[in-house]
Amino acid sequence: MAIAKRRWTERQVERVVGNLLDFGVAASTAVLLAGAVFFLARHGGSAPDYHAFRGEPASLRGLAGIVSDARSLSGRGLIQLGLLLLLATPVARVAFTIFAFARQRDWTYVAVALFVLTALLYSLIASRA
Amino acid sequence: MTNTEFTLLVGGGSLFAGFLGAITGLGGGVVIVPLLVLVFGVDIRYAMGASLISVIATSSGAAAAYVKEGYSNLRVGMFLEIATTLGALTGAFLSARLPSSRIAVIFGIVLVASAYFSLRHKPRTRTSDSPDPLAVRLGMDGSYPTREGPRTYHVHAVPAGFGVMFAAGSLSGLLGIGSGALKVLALDEAMRIPFKVSTTTSNFMIGVTAAASAGVYLARGYIDPGIAMPVMLGVLGGSLAGTRALERTGSGILRKIFALVILALAVEMIYNGLTGRL
């Protein structure tokens, strides 16, 4: 019986993970499309220059700047917010699996998922120079 | 060229790349970077940033369906993500220290390898009936749905798979690609996991791997909204359409044509890198 119960949980976990990924991609795409409309409405006629690398302005490199740009309905800020939502999707998936493995009392995989989450958060937070 | 024209042209190109990438199983990322760099004259760092974003989108979009159908092995994926995320961080930090010309050459070499692997006659997965103690201890053995009901399989060679996954993660972070082909190689040929489970689990892992380097890319200003937007939307749309088309048609000749295109792009990337034109 114990095995049957665990299998049932496994399917549940898979379904939630699948829905979470679907939702993240859909939300990101929606924000991205809104940003694209604002961006092209305002800057559609000007010419881009991507030939030389200048790097993005500081406001488009971090969470606080992106959110404040997006709130002022800047097209580039909104697009960047959509991309952040996309980035957050796998992170949320890993965070959820920690919870799911804990409910299955699988402590090895709780530790594994915690490690991966730490690496992801390190990349997002500590890497800004 | 105006922003509107750039968005439409890059979006169309990405749609096509995503479609072919899904049909041939090579992923869209591998052609997006050369397309942006060689055709649109975009700096390779912006191109890598946009490509990495598109990789997260297609991986998450496709993984959602496969996970729900019960193909992906969540434990194998989760465990090996330790290797791919560490590799991705290493690759992303290394990428910032290498000159663009050097990265272009490495990219070209990886393109040649991808073309080779896509043309090579794929050996059948050597599945096995005997369990592997380490994989059993890690609870990795699983089952997947087939027409005759669920079929169980044993996982092998965890350390070897872990090593190849670190390399796959490093390439992903270094070049802004998904390195799905190398991930499938680790799962399918080293760890002897059934092919369908290997490809879907690889797909599942690509998003997390790419997210690990995307944080570094974002902080370094590689991710430009004007480029990433059409690339992400195009590749995502193209790959969703491609996955659907794949269920109806085969991919033999397309695969060969695509491999030749990749080979041509590889030569040009290497040439431009060596002559310092990038």
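Axes are lines fitted to C-alpha atoms, for helices over the stretch in contact, and angles run from 0 to 180 degrees between N-to-C directions. Helices (H or I, at least four residues) are DSSP runs, numbered from the N terminus.

The model is predicted: local features need pLDDT of at least 70 and side-chain atom pairs count only at pLDDT 80 or more, while totals for chains, interfaces and linings use all residues. Residues are numbered from 1 along each chain as its sequence is written, and chains are lettered from A and ligands numbered from 1 in the order in which they are written.

Two packed helices are described by the angle between their axes and the distance between the axes. Two pairs are listed here.

| Helix pair | Angle | Axis distance |
|---|---|---|
| α5(B) (100-119) and α11(B) (252-274) | roughly 160° | within 8 Å |
| α3(B) and α9(B) (195-219) | about 150° | 8 Å |

The crossing angle of roughly 160° makes α5(B) roughly antiparallel to α11(B), a term for angles over 145 degrees. α5(B) passes α11(B) in a left-handed crossing, one in which the near helix is turned anticlockwise from the far one by less than a right angle. The residues of this contact comprise 15 nonpolar, six polar and three charged. Here Ala, Val, Leu, Ile, Met, Phe, Trp, Tyr, Cys and Pro count as nonpolar, Asp, Glu, Lys and Arg as charged, and the others, Gly among them, as polar.

α3(B) likewise passes α9(B) in a left-handed crossing. Among the residues that meet there are I53(B) and I56(B) of α3(B) and A214(B) of α9(B). This contact divides into 14 nonpolar, seven polar and no charged residues.

**The nonpolar core**

A nonpolar core is a set of buried Ala, Val, Leu, Ile, Met, Phe, Trp, Tyr and Cys residues joined through C-beta atoms within 7 Å; buried means that 20 or more other C-beta atoms lie within 10 Å of a residue's own. The largest such core has 130 residues, of which I53(B), I56(B) and M232(B) touch the most other members. Helix α3(B) (residues 44-69) supplies the largest share, 15 residues. Beyond its neighbours within four places in sequence, I53(B) is in contact (C-beta atoms, placed from the backbone, within 7 Å) with residues including L83(A), L86(A) and M232(B).

**Between the chains**

In total, 52 residues of chain A are in contact with 53 residues of chain B. On the chain A side, α1 (2-43), α3 (75-103) and α4 (107-126) each give two or more residues, and α1(A) gives the largest share, 14 residues. That side divides into 28 nonpolar, 15 polar and nine charged residues.

Definitions and conventions
A residue is buried if 20 or more other C-beta atoms lie within 10 Å of its own, exposed if 12 or fewer, and partly exposed in between; C-beta atoms are placed from the backbone. Two residues are in contact if their C-beta atoms, placed from the backbone, lie within 7 Å. Angles under 35 degrees count as roughly parallel, over 145 as roughly antiparallel, 65 to 115 as roughly perpendicular and the rest as oblique.
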